Amino acid sequence: MSGPTPAHRAAERAARQSYGKLVAYLAARTGDVATAEDALADAFAAALASWPARGVPQAPEAWLLAAARRRMIDMARRRRTREAAADRLLLSVEEATAGVDPADVPDWRLMFACAHPAIDAPMRGPLILQTVLGLDAAAIAAAFLTAPKAMSQRLVRAKRRIRDTGIPFRLPDRADLPERLDAVLEAIYAAFGAGWPDPGGLDARRQGLLDEAVWLGRVVVGLLPEEPEALGLLALMLYAGARQVARRNADGDYVPLSEQDPALWDAAAIDEAERLLQRASRHNRIGRFQLEAAVQSVHAARRINGRTDWGAILELYDGLLELTQSPVVAVNRAVALGETAGPAAGLAALDELAEDPRLAGYQPYWAARAELLARLGRRASADAAYAQAILLEPDAAVCRFLEQRRSRIRPNSV
């Protein structure tokens with residue numbers, strides 16, 4: 001079977017690098033994000049029909065922008081008999097997109113535009129992920145522990161509200177950035193998390209997300225160098241990214257953090273993360289990302305002293321849980337508690353979370369539960385928890401790892 005054609009690769013590259021910019025240009029004046037996305041989807045379809053025969057244009061993004069602009073103009077003309085405002089819409093589309101070069105406006109402005117205060121706070125991060133980074137509703141839902149259908153509906157409602165209430169989908173001034181920072185940081189971290197399960201970079205939906213998230217983190221730190229949470233997020237991503245190579249062995253098998261060889265970690269990235277975290281701490285404004293980075297700093301210290309200080313990690317998760325009330329943090333705290341106070345204490349902490357519906361489809365909850373049950377000798381319950389974790393895990397290498405763990409405790413058949 002032949003691989004992707006040069007035209008398909010060019011279209012995929014344009015989608016990865018410029019999707020958000022193109023949507024933002026098309027929606028800048030009309031405020032209609034959904035229509036802009038529909039027009040851009042038609043433009044990509046037209047590209048895949050045209051480019052293989054005619055060749056990839058020298059400026060693919062400009063070609064796509066022109067095609068989408070024509071599509072939006074056609075849509076406006078068809079609505080002319082139904083909507084009195086159609087002429088104004090047509091004019092605004094033409095003004096918004098004529099002569100625009102997608103390289104002229106950096107991604108950071110688009111992120112902050114999606115974090116407008118008039119947009120419902122819970123939807124700012126998801127809107128950034130879809131509009132700027134081009135993630136689909138399923139990937140966004142996974143990042144926010146939400147059902148894909150519910151997330152899709154919320155995104156549709158958010159875009160409709162932008163259109164109907166006239167929320168200005170414009171590029172903000174620098175003075176607007178601090179009040180929009182939290183949503184932008186949340187979206188960057190979610191993008192990093194969406195790319196994390198693909199260490200080999202083989203999943204087309206996730207390709208480049210880790211590097212793109214780190215780059216966006218650097219951009220935000222450059223814009224707001226005295227914001228400790230921006231520093232903390234960049235440090236957190238660098239700590240985690242430093243272990244990327246060590247997450248698979250030579251055979252492609254998954255290697256958990258506790259079994260990784262610290263010699264394989266990227267020492268330069270860890271050192272930079274340490275400096276960023278120290279800079280953040282000097283501001284005496286502790287936040288979520290700084291605490292999460294501090295957890296990673298404790299793990300990174302194993303490359304120096306050969307051990308993991310689980311007591312320090314538990315204290316950090318205590319602070320994180322008090323700050324965020326996040327079920328993900330609660331699961332991680334239970335794991336740390338299992339390491340410091342024993343598996344019974346860790347399992348009891350997980351039991352307290354059992355009624356949280358957000359964790360029903362969260363694989364790490366079931367994997368942690370299986371491990372603690374196995375350590376307690378409750379083999380049948382551990383087997384069932386491992387089965388659920390495997391069912392929820394999309395990564396084949398992690399599934400093999402969980403199966404190996406499960407095989408050690410599976411009850412003997414009679």
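Predicted model: local features only at pLDDT ≥ 70, side-chain atom pairs only at ≥ 80, totals over all residues.
A residue is called buried when its relative accessible area is under 20%, exposed when that area is over 50%, and partly exposed in between.

The axes of helix H9 (residues 177–195) and helix H13 (residues 288–300) come within 12 Å and cross at roughly 35 degrees. On the side of H9, the contact is made by Leu185, Glu186 and Tyr189, while H13 contributes Arg288, Phe289 and Glu292. Sorted by class, this contact contains three nonpolar and three charged residues, but no polar ones.

Aromatic rings deserve attention next. A pair of such rings is described by the distance of the centres and the angle of the planes. The structure holds four aromatic pairs. In one of them, the rings of tryptophan 51 and tryptophan 63 have centres 5.4 Å apart and planes at 75 degrees, so the pair is edge-to-face. Tryptophan 51 belongs to helix H2 (residues 33–54) and tryptophan 63 to helix H3 (residues 60–78); the pair therefore ties together parts that are 12 residues apart in sequence. Tryptophan 51 is buried, with a relative accessible area of 2%, whereas tryptophan 63, at 25%, is partly exposed. Tyrosine 189 and phenylalanine 289 also form an edge-to-face pair, with 5.4 Å from centre to centre and 85 degrees between the planes. Because tyrosine 189 lies in H9 and phenylalanine 289 in H13, this pair ties together parts that are 100 residues apart in sequence. Tyrosine 189 is partly exposed, with a relative accessible area of 22%.

In soluble globular proteins, nonpolar side chains tend to be buried together. Here the largest nonpolar core has 124 residues, of which Leu40 and Ile188 touch the most other members. H9 supplies the largest share of this core, namely 11 residues. Leaving aside residues up to four places away in sequence, isoleucine 188 touches Met111, Ala213, Leu216, Gly217, Val220, Leu233 and Met237.

Charged side chains provide a further set of links. The whole structure contains 16 salt bridges. One of them joins arginine 218 and glutamate 272, at 2.6 Å from N to O. These partners are 54 residues apart, with arginine 218 in helix H10 (residues 209–223) and glutamate 272 in helix H12 (residues 267–281). Arginine 218 has a relative accessible area of 36% and is therefore partly exposed; glutamate 272, with 21%, is partly exposed as well.

A salt bridge also joins the side chains of arginine 248 and aspartate 395, at 2.5 Å from N to O. Arginine 248 lies in the loop between helix H11 (228–241) and H12, and aspartate 395 in the loop between helix H19 (379–392) and helix H20 (396–409), so this bridge ties together parts that are 147 residues apart in sequence. Both arginine 248 and aspartate 395 are buried.

Arginine 375 and glutamate 339 form another salt bridge, with their closest N and O atoms 3.8 Å apart. Since arginine 375 is in helix H18 (residues 363–375) and glutamate 339 in helix H16 (residues 327–341), the pair ties together parts that are 36 residues apart in sequence. Arginine 375 is partly exposed at 39% relative accessible area, and glutamate 339 is partly exposed at 40%. Finally, Glu259, Glu371 and Arg405 are linked in a network of salt bridges.

Notes. Residues numbered from 1 in each chain as written. Heavy atoms only, no water. Axes fitted to C-alpha atoms, helices over the stretch in contact; angles between N-to-C directions. Helix = DSSP H or I, 4+ residues; strand = E, 2+ residues; numbered from the N terminus. Contact = heavy atoms within 4.5 Å. Nonpolar A, V, L, I, M, F, W, Y, C, P; charged D, E, K, R; others polar. Core = buried A, V, L, I, M, F, W, Y, C linked by side-chain atoms within 4.5 Å. Buried < 20%, exposed > 50% of the residue type's maximum accessible area, 1.4 Å probe, protein only. Salt bridge = Lys/Arg side-chain N within 4 Å of Asp/Glu carboxyl O. Phe/Tyr/Trp six-rings, centres within 6.5 Å; stacked < 30°, edge-to-face > 60°.
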